[in-house]
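Come and look along with me.

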Amino acid sequence: MVFIGVAVGLGNVWRFPYMAGAFGGGAFLLVYIVLLVGFGIPALMAELTLGRMTRRGPLGAFASIGMPGGRVVGWLLFVTVLMATSYYTVIVGWVLRYLLASLRGAIGTVDPQALFDDTTAGVGGQLGATAIVFALTAVVLLLGIRRGVERISTIGMPLLFVLLIVLIVRSVTLPGAMVGVRQYLVPDFERIDIGVVTAALGQVFFSLSLGGTFLLTYASYLPKRANLKASAISVGVGETLAAVLAGLVIIPAAVAFGLELSSGPPLTFVTVPSIFARTPAGGVFATTFFALLFFAAFLSVVAAVEVLVATMTEQLGWSRSTSVLVLCTVELVLAIVPTLSVDYILRSDLVWGSTMQPLGSAMVMLGLAWVVGLRRALGEANEGNEGRPLGTVWFFWIKYVIPLGIAVILALGLKDLFAAFGE
């Protein structure tokens, strides 16, 4: 449940539905599932293996296996998490403000675009909501992995799926919603092109929280008896189920009301409130939806700060409490800039999310395959695996095939990055 909590976040409940809407619905979903099995789960296995093998966070993991420039890679990934968390948590603060707005009945009574503009305008409101998120994060992390992170994940993740199912029932029973269901679940093979494949591959890494940081750090806490293969498959299934269910909440309802599916990131913050405004008992469903979205996003913030905390306690010898309080304060200061500009957030995500995240995952696989080697990597990966063991096919796959796929993502992503900053 902890690993699923790490993987499931805004990438599943917020990003996946608008990506599916923009890239062909069923065509995107089909390609995503294929790439999840072929790329996502094998890469996830690599991160879990390296994390449990080294018992270190990203900084210590790469250095301990003797990877050339390992400490540089580790610090680069540390900075990546630090910067990405600063703007990601601002978005989580938006979700919190939408939850509060739905509780006071603003969803459905205030123009959705005006509500979004008000939420993203002004430093004070955004920074206040972000501060609340970091304060809650500090409380959970100070309780520790078992009493804090594990307990909230064990209770919260099943609840998340229950809430999704409740919302799906409401969405698919709207008049005309079945057209959206077919559009979302039935693939149009003519829509599948290199753009859809690239978008789906990037979403796989985003949704699974791959990047040599989150899952690697949490895997360092696993006992040797833990079955890494079963864990990887469970996480892949769990996060995909969350993403698919979120799509069944949003896409059928959007089609039923004739709303634009390709509106991109505002689909959640502008389009979804429009749906609830036209739905009987919309206020209740709006509150449920944004409570669900906040919980999923919050667990990802907890995971991100845990990576930073583990690095500080491991490398600098700080106490856990000192690390938590200092890092949450530093992150809140860094969050000031993202509150000034939505455009800054979008451009930052191109750098730290779309580019650095796949690069970090590639570093894990290159380190495991080229530095650790076949025998030791397979030995660790199969420790605790009572079923069919992983073999040389998986090792070959993470050594050559997936890094090549990541290289393609980075090449196309860098083109978008330079285009964005050239505007």
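**Entry 1: helices**

I began with helix 14 (residues 282-315): at 1.5 Å a residue its 34 residues should span 50 Å, and its end C-alpha atoms are 50 Å apart, so the two agree. I took the expected span as 1.5 Å times one less than the number of residues. Helices here are DSSP runs of H or I with at least four residues, numbered from the N terminus.

Before going on, I noted that this is a predicted model, in which local features need pLDDT of at least 70 and side-chain atom pairs count only at pLDDT 80 or more, while totals for chains, interfaces and linings use all residues. Residues are numbered from 1 along each chain as its sequence is written, and side-chain values use heavy atoms, with hydrogens and water left out.

Back to helix 14, which is mostly covered, with 28 of its 34 residues buried. Buried means under 20% relative accessible area, exposed means over 50%, and partly exposed is in between, with a 1.4 Å probe and protein chains only. After helix 14 comes glycine 317, with a positive phi near 75 degrees.

I then turned to helix 7 (residues 123-143). Its 21 residues reach 30 Å from first C-alpha to last, close to the 30 Å expected at 1.5 Å a residue. Which residues of helix 7 are buried? I found Gln126, Ala129, Thr130, Val133, Phe134, Thr137, Ala138, Val140 and Leu141. A reminder I jotted beside that list: an α-helix has 3.6 residues a turn, so residues three or four places apart point the same way.

**Entry 2: aromatic rings**

I looked up the aromatic pairs next, and the structure holds 17 of them. Rings of Phe, Tyr and Trp (its six-membered ring) pair if their centres lie within 6.5 Å; planes under 30 degrees apart count as stacked, over 60 as edge-to-face and the rest as tilted.

One of these pairs joins tyrosine 98 and phenylalanine 269, edge-to-face at 5.2 Å centre to centre, with 65 degrees between the planes. Tyrosine 98 sits in helix 5 (residues 70-103) and phenylalanine 269 in helix 13, so this pair ties together parts that are 171 residues apart in sequence. Tyrosine 98 is buried at 1% relative accessibility, and phenylalanine 269 is buried with a relative accessible area of 1%.

I also checked tryptophan 370 and tyrosine 400, an edge-to-face pair at 5.7 Å centre to centre, with 85 degrees between the planes. Tryptophan 370 belongs to helix 16 (residues 342-372) and tyrosine 400 to helix 18 (residues 392-422), so the pair ties together parts 30 residues apart in sequence. Tyrosine 400 is partly exposed, at 41% relative accessible area. Lysine 399 lies over the face of tryptophan 370, 4.2 Å from the ring centre. For a charge to sit over a ring, NZ of Lys or CZ of Arg must be within 6 Å of the ring centre and within 35 degrees of the ring normal. Arginine 15 lies over the face of phenylalanine 206 in this way, at 4.4 Å.

I wrote down one aromatic cluster too: Trp94, Tyr98, Phe116, Phe269, Phe276, Phe289 and Phe290.

**Entry 3: the cavity**

How many cavities of 30 Å³ or more are there? I counted 1. On a 1 Å grid over the protein atoms alone, a cavity is a set of points where a 1.4 Å probe fits but cannot get out, and lining residues have an atom within 4 Å of a point. The largest cavity holds about 110 Å³, a volume being the space filled by probe spheres set on the points, which are joined across faces, edges and corners.

Its lining includes Leu167, Arg170, Val249, Phe276 and Phe285. Helix 8 (145-172), helix 12 (228-256) and helix 13 (266-277) each supply at least two lining residues.

Arginine 55 has a positive phi of about 55 degrees although it is not a glycine. Arginine 55 is in the loop between helix 3 (26-54) and helix 4 (58-64), and at 32% relative accessibility it is partly exposed.

Serine 209 has a positive phi as well, near 60 degrees. Serine 209 lies in the loop between helix 10 (194-207) and helix 11, and is buried, with a relative accessible area of 10%.

Technical notes. 1 Å grid on protein atoms, 1.4 Å probe; cavity = no way out; pocket = protein on both sides within 12 Å on 5 of 7 lines; lining within 4 Å.
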